[in-house]
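Me: Please take a close look at one chain of this model for me. I want its local pairing, its helix packing and its contacts, in that order.

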Amino acid sequence: MMQFENLFEKVEAIIDKYGRERANLLPILTDTQDLVDHNFIPEEVAEFIACSLCIPTSQVYEVITFYAVLSEVPKGKHIVQVCDSTVCRLNKNTSLVEALEKELGVSVGNTRPDGEVTLEFTPCFGACDISPAIRIDKKVYGNLTEEKLVKVINDNIGGMHS
Amino acid sequence: MKECNVIIDNKEITIDSGMTILEAAKVANINIPTLCYHPVQEVKANCRICLVQTGKDKLVTACSTPVWDGMNVKTNSRLVRDTQKGVLELILANHDQDCLRCVRNGKCELQDLCEMFNISRSDIEDVTLGDVTVDSQAMDVSNPSIVRDYSKCVKCNRCVETCTKVQDASVLAASHRSTDYTIQPAFGKTLDHTLCTYCGQCINVCPVGAIYEKDYIDQVWDALDDPDMHVIVQIAPAVRVALGEEFGMEAGTNVTGKLVAALRRIGFDRVFDTNFTADLTIIEEGYELLGRVKNSGTLPMVTSCSPGWINYMEGFYPDLIDNMSTCKSPQQMFGSLSKTYYSDKAEIHPSKIYTVSIMPCTAKKFEAQRPEMNSYGAIDVNAVLTTRELARMIKMSGVDFTSISEEQYDDPFGITTGAAVIFGATGGVMEAALRTVYEVVTGEELEALDFHEVRGLDGIKSADIDLGGTVVKVAVANGLANARKLMEEIRLGKSEYTFIEIMACPGGCIGGGGQPISRDPDIRAKRIKGIYGIDRHKVLRKSHENPAVKKLYDEFLGQPNGHKSHELLHTHYTPRPGSRIKTMQFE
Amino acid sequence: MKRTANLISGNFKKYDPLQIDSYIAIDGFKALKKGFELGSDGIIDEINASGLMGRGGAAYPTGVKLKQSRDVPGDVKYLICNADEGEPATFKDRYLLEYDPYSIIEGMVLTAYTVGATHGYIYVREEYSYLHNMLRKTLDLARQGNFLGENILGKGFDFDIELFSGAGAYICGEGSSLIESMEGKSGRPRIKPPYTKVSGLFREPTLVHNVETLTTIKTILYHGAGVFSKYGTEESKGTKLISLCGNVNNPGVYEIPFGITIREIIEDLGGGVKDNLDVKFLQLGGASGAIMPKSLIDIPYAYESFKENGLEIGSGAVLVADSTNRIIDFLDSVQTFFLHESCGKCTPCREGNRQLSNIIGRMKDGSATDNDVASVERIANIMKYASFCGLGKTAPTAVLTAIRYFSDELFSKGDVYERM
């Protein structure tokens, strides 16, 4: 399970960096989530941030659940996102999804049981000129052939796929 | 203020330019339908019911749009009516339709809109294919006081505002987006895992049956039906000036006599007055205060009869527990006496006595179940009914409340003073205490019994009281956001007060979470007027003059703050799990 | 008419953002210097003469907006560059951020000077996080070069800019929602009035402008309103960046003069439809835009001709769909988007999207009922008229225009509903 003391120290540093004000909640939360292996905000950490900023935990929870980048539940160590909006569907993202599911060994909308990778649909991230497009750990890739797809998966997630 | 000429539904009116269309329409005698709007809250404009037409193809919400000079508004054009009805149908499409079984049947703002818009079954079917399955999480029945039914929530956010701005607990907030949008505590917890104070103010503003009190009527009927049980009932002061509203009477009407009669018809063996133990509380608390002053005890001392306030203190100011009076609330003092003193007098074993209390308060249900509240090894107050539950019970029993003849309370807990009844209003406990403390300290009779400086609806009131030469600073707060201000001063070591009264609910108990629900902004003022009216007409108006209380000390308790008192009438407090020490951010 | 221009996009890939000198060498910050000479009134006159309208989608006359903002008094005034570009099929702001960031900075300083702004932010969507470090570096370099910060170019004007990152919410492209997120809250839009120009970030006067608008302000100051307005049509002056995408051979950002036809955009700029297929429909202005049938392909790309035909320029997205696509599938992709992005607080958008998603889902699978079909238009109209903000109001645009132009296909039973 998670050990939080070390994490709290680092979160404290993030809060100091941005300033102990409510207005900085969003960058504090996004930077904090980047520290957590499984890309989420544990409840204890949300509580800690709420106390540090003197705001109610319910409102920190509101922010966590509002923004798509933030998660209240653990996800994979690596996040693979496939655009499912208008342009990428027109450009037949279904075959891309199939290829990803096969390569990663997880069906879209799920986290692989070993916790290494989450594969999910995501709305348009402005890569329509290289559609259909994906993001792997925030890096954008498009105009993918089967070969290129395998390569970018290997480069980012490293051989740990089915 | 500048003036504006506006045409509303073909009527020309001239009004202040700062008004919203909603307010302006009232001037023209037009009531635009609303749902999320509440007269004492901020405008939210999220339900989108109050639409009006201000131009070709242009609809705006009347609650949030200010008028402009030359505006031509239609509140009932075709486009408005069709769109409003459509919005209502969309709400209904994701709202539990089991009105017949809902606690707000007949008292629901959504039902009012359906009636107003002439909604029929076929309209809804257009949208939802007939059967409505509401997408929401499981009901929260986790705690003794409040039930949350997510399937009925219309997401108006009224409860969020009350919980956050007025009551400062901030347990509720909106979370998630789109169809997952939910008003709930952090991490979807049930209320028992939060710092909810159970004050029930959220219930008082909910337009529908999404939040309501936990109902104990069946348990009480069971006890009444049990021939072996001796069922007694105590009634709080604030109930008697509000219960009448549930039967069409004016707010503030004193229905004490009818209330007692109705309870006898229902079958209670004895009907008692919580005011008795309110008088008792004043004695105990008055001496406790004087003890602290004399012996350099922790000051300021803060009153402890409001369980919503106690919950708040244990949750957010547990470091200041020592400032709390150790006196139990009148409800709980009554409870312990009912199983000891009364048990002896009536010669009935306490296990055969079922004590019910009628309270304006939802937190009292939680208070009654606190583990400390048992004087003989089992629970002192067996069941708590809110004013609203009592009204339902009276209706269930067929009593014609408005016509019934008045009756009197039973002895030995029927003699009470005016000082006791004013407990129901904010400032009442303070005033009652001052009436006694003044005479104890000065040894002189107090002529002017009305302490006006501590009366009224201001959030924080303070006064300098001259006790025969010694000036004592006192303060009164109602509503927890106001309580916080006084507690912050104590925490920072800056409080100038000796004695502080805090009531969780705005207006004091008359505005409690268990009272009849009303959107009348003057409802509290009307009830308070009723309370002080009763006090004025009382023969006895000082707690220490209550002969039955004196008898209680002579026969049973001994001295105020004595050993027996401490055993039965005093309590202790504990920080709540997950308690937070908040430090105020000064804006 | 020449089909492309390089007024706004002239600097693309012509300099290295990490070398500010390479920008200065190609007339960088010349417009800023010109602006200081013209003064605030002169700048507003120039922008008015250019006919520039807001490029975020609302198309409000920019000169008017600048003057209104300047007229709001205050010791603190914020200028926010809205780089939240979340509208599907839109990526023109991405090109500006990536290939010409100094023009944005220059445009912001010019605008701040014009309206009396004291603090600036560039709000960049999280999905462009790979650009954040580079952008921060350009701000540093601009500061070092005295183009930003205290006493800019010795003119006694103080103005600095900070980067703020979004966190994945399309609604934060709406000005008041964006501001809410910058205050550490969820991005649900605010009630208006008060308008953000009077009460915005931390309740101070705030001016929010799209990236392209700010860049074009600089473009107009550099080239002069006369040069800019030589392009375009009578009512749609100048040039614009469009994001061309979908089933075309050459998707990308193009700068076009207003007035060229959509056919020219698709065939001459886009290289025609892939695999030589036919155009079936377009969606213009992003997911919140109207569906346009092939029959309108020869109308000019301009505000007035669009308005006549019930279309909007919007974000400048031009999405082309070929004949292999079913309208209902496309509407499903639009609906999926709005269901995900609705903030949830108002009834028509939250509940309307819920019902539309169910109905469109059933239509896609061929299991829709007569009730469903009768309800679609009704629900869409409720959303259009009653929603709290632009998201709810424009979410049903695609559905409503599809009903207008493709009702036979949408509502006929039989082949259309068979799974492909």
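Predicted model: local features only at pLDDT ≥ 70, side-chain atom pairs only at ≥ 80, totals over all residues.

Strand β1 of chain B spans residues 3-8, and strand β2 of chain B spans residues 11-16. The two run antiparallel and are joined by six bridges. One bridge pair is B:Val6 with B:Ile13 in β2(B). Together the strands make a hairpin, with two residues between them. In that turn sits B:Asp9, whose phi is positive, about 45°.

β1(B) has another partner, strand β5 of chain B, residues 72-73. Here the sense is parallel, and there are two bridges. B:Ile8 is bridged to B:Val73 of β5(B). So much for the strands.

Next, a helix. Helix α3 of chain B covers residues 109-117. Which of its residues are buried? They are B:Glu109, B:Leu110, B:Leu113 and B:Cys114. Just past α3(B) comes B:Asn118, with a positive phi of about 60°.

Now the domains. The assignment for chain B lists domain 1 (1-130), domain 2 (146-213) and domain 3 (217-569). The C-alpha centres of domain 2 and domain 3 of chain B are 27 Å apart. Across their boundary, 15 residues of domain 2 of chain B contact 22 residues of domain 3 of chain B. On the domain 2 side, α5 (158-166) and α6 (201-205) of chain B each supply at least two residues. α6(B) gives the most to that side, with three residues. By class, the domain 2 side that touches domain 3 of chain B has seven nonpolar, five polar and three charged residues.

Chain B also meets chain A. In that interface, 15 residues of chain B contact twelve residues of chain A. The chain B side divides into seven nonpolar, five polar and three charged residues.

Last, the core. The largest nonpolar core has 344 residues. Which residues have the most contacts inside it? They are C:Cys81, C:Ile105, C:Val109 and C:Ile265. Helix α5 of chain C, residues 101-115, gives the most to this core, with nine residues. Leaving out residues up to four places away in sequence, C:Val109 touches C:Leu32, C:Phe147, C:Leu148, C:Ile152 and C:Phe159.

How values were computed: Residues numbered from 1 in each chain as written. Chains lettered and ligands numbered in written order. Pairing = 2+ DSSP bridges. Helix = DSSP H or I, 4+ residues; strand = E, 2+ residues; numbered from the N terminus. Buried ≥ 20, exposed ≤ 12 C-beta atoms within 10 Å, placed from the backbone. Domains from an automatic or database assignment. Contact = placed C-beta atoms within 7 Å. Nonpolar A, V, L, I, M, F, W, Y, C, P; charged D, E, K, R; others polar. Core = buried A, V, L, I, M, F, W, Y, C linked by C-beta atoms within 7 Å.
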